[in-house]
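Subject: Handover of a structure

Dear colleague,

Please find the structure below, together with its sequence.

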Amino acid sequence: MSNLSRFLKQNKTVKPNAKYAPTVSLTDENGKPLEWEFKHITSKENEELRDNCTMDVPITGKPNLFRQKFKTREYLARLVAASVAEPDLYNAELQDSYGVKTPTDLLYAMVDSPGEYQDLCAWVQSFQGFNETLEDKAEEAKNS
């Protein structure tokens, strides 16, 4: 096999989905927390999420100059929502049952314990290949 052929798409390993129970408030008939299924997103999908969560903010006292502001909370919610394969967070019936209209709002409604939500965010970041959470990096930057 030539060196180039090793890089062809058919030789690329497909990353498997994984299961995780993000909340104890949704259980099966035996009281066991329901496991959700998560899928890997691509680097391109991640960059689109990041771009959608970055905005230009005017610099006070400097007309026509802007700095970028990254909305971490929004990015994490969108990252988790994009990673969920099951349940379908885009399902209108499921959204209606919680009285929400977006996948991220549904995520917040379904995993409404702050501790569970933070654990879910950390688990998804690890599942997606991030070794440190964004919160860890932000905290490290603040302390530097």
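Helix axes are lines fitted to C-alpha atoms over the stretch in contact, and the angles between their N-to-C directions run from 0 to 180 degrees. Helices (H or I, at least four residues) and strands (E, at least two) are DSSP runs, numbered from the N terminus. The model is predicted: local features need pLDDT of at least 70, side-chain atom pairs count only at pLDDT 80 or more, and totals for chains, interfaces and linings use all residues. Residues are numbered from 1 along each chain as its sequence is written, and side-chain values use heavy atoms, with hydrogens and water left out.

Helix packing around α2

Helix α2 packs against helix α4 (residues 103-110) at an angle of about 90°, the axes being 9 Å apart. This makes α2 roughly perpendicular to α4; angles of 65 to 115 degrees count as such, those under 35 as roughly parallel, those over 145 as roughly antiparallel and the rest as oblique. Arg-73, Ala-77, Arg-78, Val-80 and Ala-81 of α2 meet Pro-103, Thr-104, Leu-107 and Tyr-108 of α4, where contact means heavy atoms within 4.5 Å. Six of these residues are nonpolar, one is polar and two are charged. Here Ala, Val, Leu, Ile, Met, Phe, Trp, Tyr, Cys and Pro count as nonpolar, Asp, Glu, Lys and Arg as charged, and the others, Gly among them, as polar.

With helix α5 (residues 114-127), α2 forms an angle of about 65°, and the axes are 10 Å apart. The two helices are therefore roughly perpendicular to each other. On the α2 side the contact involves Leu-76, Ala-77, Leu-79, Val-80 and Ser-83, and on the α5 side Tyr-117, Leu-120, Cys-121, Val-124 and Gln-125. Eight of the contact residues are nonpolar, two are polar and none is charged.

The axes of helix α1 (residues 43-52) and helix α2 (residues 72-83) come within 9 Å and cross at roughly 150°. Accordingly, α1 and α2 are roughly antiparallel to each other. Asn-46, Leu-49, Arg-50 and Asn-52 of α1 make the contact with Glu-74, Tyr-75, Arg-78, Leu-79 and Ala-82 of α2. This contact has four nonpolar, two polar and three charged residues.

Backbone features

Most residues other than glycine have a negative phi, and most peptide bonds are trans. Asn-64, although not a glycine, has a positive phi of about 65°; this residue is found in the loop between β3 (54-58) and β4 (66-70). Glu-86 and Pro-87 are joined by a cis peptide bond, with omega about 10°. Pro-87 lies in the loop between β5 (84-86) and α3 (92-98).

Yours sincerely
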